[in-house]
Amino acid sequence: MRQSSQQDFADHVEAVQRLRRDYAQLPSDAPVRLAKPTSNLFRFRDSSDAPRLDVSAFNRVLAVDPVERVAEVGGMTTYEDLVAATLPHGLMPLVVPQLRTITLGGAVTGLGIESSSFRNGLPHESVEEIEILTGSGDVVTARPDNEHSELFYGFPNSYGTLGYSLRLRIELEPVKPYVHLRHLPFTSGKEAMEAFERICADAEHKGERVDFVDGVAFGPGELYLTLASFVDKAPWTSDYTGTDIYYRSIPRYAGPGPGDYLTVHDYLWRWDTDWFWCSGAFGLGKPAVRRLWPRQLKRSDVYRKLVALDRRTDFSRLLNHYRGRPQQEPVIQDVEVGVERGAEFLDFFHSEIGMSPIWMCPLRLRGTAAPAAGRAHVWPLYPLERERLYVNFGFWGMVPMRPGQRRAHHNRAVEEEVSRLGGHKSLYSDAFYSEDEFWRLYNGEGYRRLKHAYDPDERLLDLYAKCVDNK
């Protein structure tokens, strides 16, 4: 049993006090930047010499209580470290976002999702309380039932513009040692969406319980839904951390056969080794390159650093220019669309964007409580409808630009289509909304009320400035 020590929490209290002093000493007219080694955002800002706030003291698991099934975790703790602390107790967070270095605080103030989201919602829905350094420099503990409840519910999708999470108390759930995967093939988006709706409603398929659901569209007529279930024993386990590649195994194991088996640890990180399929941009789809690439460097955070270097140096754009090739537009987005309109989105995406594969992950808000008075939605800054099943579509790659196309042509087309279908877009990557449309989609009125209460002097950027203007 991993018990917290008095010293763990004493160190945390001291770190909080030190951070408050550091924050108070920052120039009031300078942007606030966090000093942290990793990021999973794809809004690349220009380098800055602005002073940075050292939050490295908040990167630890403070306690795991296997009886109450809760964990006390620093806001900058990665899910990789949290999973390493909980699995020995036979526990995991209710939702483990697919990339190792996503932090708890990042998944809550931003958004996270994974294949347990059809039953457990989004990561912030398993949070019981959050200790937050607000924009005003105060440290408050926000819970659903205290005087900071509006901040508790408004913190998700605020992206560090209201404050920074320093400590979170989160629920955990029990696991079994192995996961059994079944890959179901479909030949149309309509069939796949109907299967999502049916399987997520029943949490079972052909008599077997389903604990996880996601899917991949390799093309308009080749889609797979992956159903995964905890099991006590496995006849074998696959390894996708070396020469074999997880997403390529999906068609191989699809159909009526025995499926595939992974340890629970390897299932949670099945996408990280190849950053879904994006490692192919670095040649890792080729066996010769894959054998030479060190296993410990087959990680999403390594690939992201390489992409960041390319953005800084403009290498890819210049290479395309000198080779006489069309310039390319990065289309790196996750969007949520109601399952009943998911096939429409896929038809649009295949015809207008033309990128594949596409990740598909169903989600439904976990909370059943009605919104409190004055709030139209349980989580007001990312207003999903209660009881409605959504599908997250994730697509990450480059699309050739044609002469005469407007700036960010493909990204803007995605935004317009998602809005037409009544969906929402995550803000971890580039966004191109007008200010009026942005605040309509992301509850500007509710946000401004929180901003006035917790950052009245606007020391932190506002949400539009950070996520669209990319300041």
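This note sets out numbered points on a predicted model, covering its sheets, cores, cysteines and salt bridges.

1. Eight strands form an open sheet in the order β14-β9-β13-β12-β16-β17-β15-β18, and their pairing is antiparallel. The edge positions belong to β14 (260–263) and β18 (424–425); each has a single partner strand, so one side of each lacks a neighbour in the sheet.

2. Helix α12 (residues 342–353) lies across β12 (212–219), β13 (222–231), β15 (328–338), β16 (358–363) and β17 (390–400), and runs at about 0° to β17. Helix α13 (residues 409–420) lies across β15, β17 and β18, with an angle of about 10° to β15.

3. Strand β6 and its partners. Seven of the eight residues of strand β6 (residues 127–134) are buried, so the strand is largely enclosed by the rest of the structure. Strand β8 (residues 163–174) is joined to β6 by seven bridges, the two running antiparallel, and Ile132 stands opposite Ser165 in β8. Strand β7 (residues 139–142) also runs antiparallel to β6, through four bridges; here Glu131 faces Thr141 as its opposite residue in β7. The hairpin of β6 and β7 has four residues between the strands, and Gly137 takes a positive phi near 95° in this hairpin.

4. Nonpolar cores. The largest nonpolar core comprises 88 residues, and Trp271, Trp277 and Phe438 have the most contacts inside it. Helix α2 (residues 79–86) supplies the largest share of this core, four residues. A second, separate core has 37 residues, including Val337, Phe345, Val414 and Leu421. In soluble globular proteins, nonpolar side chains tend to be buried together.

5. Surroundings of Trp271. Apart from neighbours within four places in sequence, the contacts of Trp271 include the aromatic residues Tyr246, Tyr247, Phe276, Trp277 and Trp359. Gln98, Glu114, Asp214, Val216 and Ile250 are also in contact with Trp271.

6. Cysteines. The structure holds zero disulfides. For Cys278, the closest cysteine sulfur is that of Cys361, 16 Å away, which is too far for a bond. The sulfur of Cys361 has its closest cysteine sulfur in Cys200, at 8.7 Å, again too far for a bond. Cys278 is buried at a relative accessible area of 14%, and Cys361 counts as buried at 0%.

7. The whole structure contains 34 salt bridges. In one of them, the side chains of Glu208 and Arg182 meet at 3.6 Å, N to O. This pair links distant parts of the chain, with Glu208 in strand β11 (residues 208–209) and Arg182 in strand β9, 26 residues apart. Arg182 is buried, with a relative accessible area of 13%, whereas Glu208 is partly exposed at 24%.

8. Further salt bridges. Arg299 and Asp301 form a salt bridge whose closest N and O atoms are 2.9 Å apart. Arg299 is buried at 17% relative accessibility, and Asp301 is buried at 12%. Arg388 forms a salt bridge with Glu385, with the closest N and O atoms 3.3 Å apart; Arg388 is buried at 16%, while Glu385 is partly exposed at 41%.

Conventions. Residues numbered from 1 in each chain as written. Predicted model: local features only at pLDDT ≥ 70, side-chain atom pairs only at ≥ 80, totals over all residues. Heavy atoms only, no water. Core = buried A, V, L, I, M, F, W, Y, C linked by side-chain atoms within 4.5 Å. Buried < 20%, exposed > 50% of the residue type's maximum accessible area, 1.4 Å probe, protein only. Contact = heavy atoms within 4.5 Å. Pairing = 2+ DSSP bridges. Axes fitted to C-alpha atoms, helices over the stretch in contact; angles between N-to-C directions. Disulfide = S-S within 2.5 Å. Salt bridge = Lys/Arg side-chain N within 4 Å of Asp/Glu carboxyl O.
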